[in-house]
Amino acid sequence: MRIAYFVHDFVPGHGDANYVRELALRLRHAHDVHVFANRLPARAPEGITLHSVPAHRASAFGGILSFHAAASARLAALAARGLGFDVRHGQGHTVAQANVVTAHIHLRSWFAAQRRSGYAHTPKQRLFAAVFHPIEGRLYGDRRRHYIAVSDALGRDLRRAHGIPAERLHVVHHGVDRERFRPGEERRGDPVRALFVGDLRKGFHVLLEALTSVPGLHLDAVTRSDTGRARELVEGHGLGERVRFLPPTDRLEDVYAASDLFVLPSPYDTFALVVTEAMAAGLPVIVSRQAGASELLEHGTNGFVLERWSDASALATLLAPLTEDARLRARVGAAARAATKAMTWDAVAERTLAVYEAAVRR
């Protein structure tokens, strides 16, 4: 098959890019694989053809809309020359001619979760929602396409909001690179350090509140978010130097290795790759039920599930024994690592290929 992937960025450090890269690397040996992206690596991986797509990225609006227009025009031009593709796999709203679309997020559900969490949207964010909710409706309302949801929870959201038929909606969980993310040397440092990675809107304020009841625990946060308000909360809770903010990094494996446990009390997350990365790194994880990765956890065995993301008291109850008991951390962390054996990108590629075959038959 000739397979074309469409993704805004095909460089390290972006979740969608990592997803496309893992699939492309596994399918390139038996198929003709192409990647269309705005940001590309200096050198193409062997066996993968890269196509540069222009985009105006001064704003999210401009980046998404201009990429979609340019990618669609580029694909149409190639088709006119007889250079079509059997599979046109878009990552969300990236190309008009997609016959396979992976949903990495459902904007309507994400905005609703933010409202429930008390997050006040700016006028610009409200405008973004007003523009892209109809676009999202058209994206997932095309009955000629096949759709991949990265979790059961996201699949339910898509079915409920857009009525996608069951035979066209496929749930394929993300994989994890167990060679890259692996346990480091056992930490014997003091104090015990918890790790949060991601957008601070994913329950960070709840984690800070829980931290006030667990005095022996320190916290590192790796985020691209503006930390101004979060720093005010840190001071307001009297947490002082117990909380550190770290810049984004392409070497997250080193951050996991320097941590003792991982926490993500998110009000909404379609999957959260950082959870399975932390598991592969041998960390005990605490994740809210509202995150898709919670579907892979057995509570108390290979991780812990916080039933209500906003319950700071329940979160503190989970954090306290992990802070105090190194043997508990080691036992749950080892079980977490073992659970990732089944979460291979090879399995993801095999299941995704089955979706491609269904799309081609159509």
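Start by selecting helix α2, residues 60-80, together with helix α4, residues 123-139. This is a predicted model, and in it the two helices pack with their axes 11 Å apart, at an angle of about 20°. Angles under 35 degrees count as roughly parallel, so α2 and α4 are roughly parallel to each other. Now show side chains: on α2, pick A60, F61, I64 and L65. Facing them from α4 are K124, L127, F128, V131, F132 and I135. By class, that contact has nine nonpolar residues, one charged and no polar ones.

Stay on α2 and click S66, which sits in this helix. Is S66 buried or exposed? Its relative accessibility is 16%, so S66 counts as buried. Setting aside neighbours within four places in sequence, the residues in contact with S66 are P54, A55 and H56. For a distance label, draw one from the C-alpha of S66 to that of T94: the separation is 9.4 Å, for a pair 28 residues apart along the chain.

Next, go to T49 in strand β3, residues 48-52. T49 has a relative accessible area of 33%, so it is partly exposed. Beyond its neighbours within four places in sequence, T49 is in contact with V33, H34 and V35.

Now for the inside. Color the largest nonpolar core, which has 122 residues. Which residues have the most contacts inside this core? They are Y5, F204, Y256, F262 and L319. In soluble globular proteins, nonpolar side chains tend to be buried together.

Center on F262 and show what surrounds it. Apart from neighbours within four places in sequence, F262 is in contact with L195, V197, Y256, V274, V275, A278, L283, P284, V285 and I286. Y256 is another residue from that list of most contacts in the core.

F204, also on the list, takes you to helix α6, residues 204-211. This helix is mostly covered, with six of its eight residues buried: F204, V206, L207, L208, A210 and L211. To see what does the covering, bring up strands and helices including β8 (192-197), β9 (217-222), α7 (228-236), β10 (243-246), β11 (261-264) and α10 (312-324).

From β11, follow the chain into the loop between that strand and α9 (273-280), and stop at A272. Check the backbone torsions here: A272 has a positive phi of about 85°, although it is not a glycine. The residue is also buried, with a relative accessible area of 8%.

Last stop: α10 and helix α11, residues 326-339. Their axes come within 5 Å and cross at roughly 105°. The range from 65 to 115 degrees counts as roughly perpendicular, which is therefore how α10 and α11 are arranged. Select P321, L322, T323 and E324 in α10, then A326, L328 and R329 in α11, to see where they meet. By class, the residues of this contact divide into four nonpolar, one polar and two charged.

Key: Residues are numbered from 1 along each chain as its sequence is written. This is a predicted model: local features need pLDDT of at least 70, side-chain atom pairs count only at pLDDT 80 or more; totals for chains, interfaces and linings use all residues. Side-chain values use heavy atoms; hydrogens and water are left out. A nonpolar core is a set of buried Ala, Val, Leu, Ile, Met, Phe, Trp, Tyr and Cys residues joined through side-chain atoms within 4.5 Å. Buried means under 20% relative accessible area, exposed over 50%, partly exposed in between (1.4 Å probe, protein chains only). Contact means heavy atoms within 4.5 Å. Helices (H or I, at least four residues) and strands (E, at least two) are DSSP runs, numbered from the N terminus. Axes are lines fitted to C-alpha atoms, for helices over the stretch in contact, and angles run from 0 to 180 degrees between N-to-C directions. Angles under 35 degrees count as roughly parallel, over 145 as roughly antiparallel, 65 to 115 as roughly perpendicular and the rest as oblique. Ala, Val, Leu, Ile, Met, Phe, Trp, Tyr, Cys and Pro count as nonpolar, Asp, Glu, Lys and Arg as charged, and the others, Gly among them, as polar.
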